[in-house]
Amino acid sequence: MKHFILLCTAFFSFLTYSQNSTPNNELAKTGSVTGIVIDQSLQQPIPYATVVLKQNGENIVGGITADNGSFELTKIEEGTYTFEIQFIGYQTYSKEISITGNKTNLGTITLVENVTELEGVDVVAERSTIEQKIDRKVINVGKDLTTQGATASDIMNNIPSVNVDQQTGQLSMRGNSNVRVMVDGKLSNVPVAQLLKQIPSTSIKKIELITNPSAKYNPEGMSGIINIVLYKDANIGFNGNINLGLAYQDEAKFNSSGDLNYRNGKFNVYGSYGNNIGKYVNDGVVERMDDENTTDFNENQFQYFSFLNNNKSHLYKAGIDFYLNEKNTISVFTNQNIFDGKGRGDTQIVNMDPSVDNSRQVFTNENSNHNEQYNFDYKRDFEKEGHNIEFEIDYNNFKDEEDADFNYIGASTQPDYQDFVDTRRQQTIANLDYVNPLSEKSKLELGLEYRTFETDVDYSSTGFTFNSGGVLIPTPDTDFIYGMDIYSAYTTFGQNFEKWSYQVGARFEDVSVKADTNSVRSFTDDYKQIYPSAFVTYNPSEKNQFQISFSRRVDRPGLGQVNPIREWSTPQISSYGNDELLPQFTNSYETNYTRRLEHGSITFGIYYRSIEDEINQVLYVDRLDLTKQILTYDNFDNTNAYGFEISTNYKPLDWWSINGSVDMYAQKQRGLTEQLIPDDNDVTVDDIITEEVEVNNVAFNARLNNNFTVTKNLTLSLFGYYRGKNKGLQMDAKPMYFVNTGARYSFAGGKGTFSLNFNDIFNTMQFSFEGQRPYEQNGTFNWESRTIFAGLSYRFGSGKNRKVQRKQRDSNTKEGGGIM
């Protein structure tokens, strides 16, 4: 931490010098038009709005607004023009102006959202469900009937390019699970799979997909960043909203949330609460095929799985913004996440050989955890618009306790046992960020960050395990400590021209990693790395936009991937981490084209990723019991991936709107896998064949959402999803699809909404796979996908000034994976 303080001191000294030595802006070119575009209600800048000058109905010159809402059109001949500003969801702004050869400053221009008169009350029209912005794709969840379910995990499969494994909760984007997930720009220490199930869907306002982040963001996550933005408000006076939701198939799942805020004068006080309470049913079957070369392996063997989880989670948030004056703001908040879960798993092994007895394992567990987050932020605005410095410190403390019982029935000779796992995880992050718009066209950003992260996992068991000599001994206690210290600095510089804009940047990191097992240093890794990024945007007209981007990223092994302590176990397979995993580096290239249509827009994008030391799951044969398998992680050879995406929002009729997306990705995977091929009846370790395998996987996904306006109050929807076949090094996942339908009714002048959804109406959503390595096997898993969801929301209060926006940070170490 002392190194970071020294860096901050030097950084402040540089800033002091730069403020005193900033040159005067050049005189504006003659025949130019400048201004700033803001939202009338929120009084916030509107970036990427289309600005155009017309003469006799023809477009003469055009451009888009910058992040701070500013624009400048240059090289305009003297004359009279029609000046227009357009942005989806807002009324078109139009004004006659005269160019006299000097700079014409139109000042601050406010755009008004489209409204419809309803019983004397103005109701804001809904924006497009999917909005394509320069550096991200924004999905307005609250505007989409079909992106509703009990939790965030339930709705993720409805998001373009995103998939969730319903067995494990593992999230992936563009076919890769190395993705960062943030909530309101920050990540807690809560495991991602649990976090997604903790967040009530009714609390989500929008989801942002950032597939190629700039150097300002932490470089973690090969596929990019998913930022979940929750509802929040800070209007003048007393405001809030309440949400209720209930989903049901085999078991009920209830969630609710509410948030309140009060702003008056220099203070804005806010708080929120959300919960998710429900039972989850999951079942499946895995068939292992008969091996004709040996009698040591039985005829076809079936494993039947049945799981029931009873989970309760609660989220609390409270904070205050203190506006010292117009230039200085202090903000503090705390997040408290409390989770309590009870689970039961039943695994039955049925052998087709009648001479072999069947066996059964019954697994029960109790898991509770508490995550505390405390955040302090200070922001100083200077005289020049957009010129500011900000300091933020964030502390996160996570405690988890899990007790598990394993009981065996039938032919199994393994004794019953219990596992006890206590986890403590702490993370501290300090950021210092500086933004300086050097001129109306140029902007410089600088920043420093210090992050320290440590996890302590204490494991004990009453069971037994085989040692290296094949002798059964009591399972030893294990204390595993894994930590990282990261010092980083970044800079970005961007300029906007008439039709072109660009941004370049780089982030430097100094990383130190250590792992101790039972107080013995088991792994260390120290490395320095530079992560460059570059973006170029071209707007030939107000209807067309092109962008090319590049970034280098890293995937540091997560706790669940390096933890050598057994994560879970069934009679045939056990899951462990690999504490010798190395980080995975990725060079990501992407290009996008957006075409604005008369009734919507369409975006086409292609991307390519070059991956070094790819991290992937692998199944190995258990050397101590050749009938069993070990699921773990390993580094594979370098590989590459590429794909394309098409998304559109279109309104063919006043009462019908369409949002659709298609994505395809291809990835070549290489790695070493194991296969057991006995050559006689005596099965030994020598029968394990290690081979290098190369797989070319091409996967296809499609989503189509239709919204139908029946009346001013009633809207219907129909949503379809298809997920294509996926090939892996050891198993192939079969295609799956589902169809959802829903209805929403607005009341109380648009302040209240009642929603009713029927998900997976044909009951087709299930996960199926087939594999050849290390054994020939196939399986199918099912979950409660055919659910009925009812939701009720109501907002109250009013106001015009929004709370200070917290910057968005991706700053956590990702968690482990799961079986599939």
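Let's start at Asn616, which stands opposite Asp634 in strand S37. That pair belongs to the 7 bridges that join strand S36, residues 615-621, to S37, and these two strands run antiparallel. When I say strands pair, I mean that DSSP finds at least two bridges between them. Strands here are DSSP runs of E with at least two residues, helices are runs of H or I with at least four residues, and both are numbered from the N terminus.

Before we go on, please keep in mind that this is a predicted model, where local features need pLDDT of at least 70, side-chain atom pairs count only at pLDDT 80 or more, and totals for chains, interfaces and linings use all residues. Residues are numbered from 1 along each chain as its sequence is written, and side-chain values use heavy atoms, with hydrogens and water left out.

Back to S37. Strand S33, residues 573-575, is joined to S37 by 3 bridges, and those two run parallel; there, Ser575 stands opposite Leu631.

Next, please look at S34 and S35. Strand S34, residues 584-597, and strand S35, residues 600-612, run antiparallel and are joined by 13 bridges. They form a hairpin with 2 residues between them. On its other partner, strand S38, residues 639-653, S35 pairs in the antiparallel sense over 12 bridges. Gly605 of S35 shows up in both pairings: Asn592 stands opposite Gly605, and Gly605 stands opposite Glu645 in S38.

Also in S35 we find Ile602. Ile602 counts as partly exposed because its relative accessible area is 33%. Leaving out residues up to four places away in sequence, Ile602 touches Tyr593, Thr594, Arg595, Ile646, Ser647 and Thr648, where contact means heavy atoms within 4.5 Å. Ile602 and Ile646 are 44 residues apart in sequence, and their C-alpha atoms are 7.3 Å apart in space.

Now to an open sheet of 3 strands, in the order S4-S1-S7, with mixed pairing. Its edge strands are S4, residues 70-73, and S7, residues 104-111, each pairing on one side only. Strand S1, residues 33-39, runs parallel to S7, with 6 bridges joining them, and Thr34 has Asn105 as its bridge partner in S7.

Which residues make the nonpolar patch of about 1000 Å²? They are Ile242, Leu244, Leu246, Phe254, Tyr745, Phe747, Phe754, Leu756, Phe758, Ile788, Leu792 and Tyr794. A patch takes residues with over 30% relative accessible area and no salt bridge, joining like charges within 9 Å and nonpolar side chains (Val, Leu, Ile, Met, Phe, Trp, Tyr) within 5 Å. A salt bridge, in turn, is a side-chain nitrogen of Lys or Arg within 4 Å of a carboxyl oxygen of Asp or Glu. Strands S17, S44, S45 and S48 each supply at least two residues of this patch. Tyr794 is found in S48 and counts as partly exposed because its relative accessibility is 35%.

Finally, the whole chain: 4 helices and 48 strands, with buried residues making up 53% of the 820 residues. The chain exposes about 35000 Å², and carbon and sulfur atoms supply 53% of that area; accessible areas come from the Shrake-Rupley method with a 1.4 Å probe, and for residues, only the protein chains shown count as cover.

How values were computed
Buried means under 20% relative accessible area, exposed over 50%, partly exposed in between (1.4 Å probe, protein chains only).
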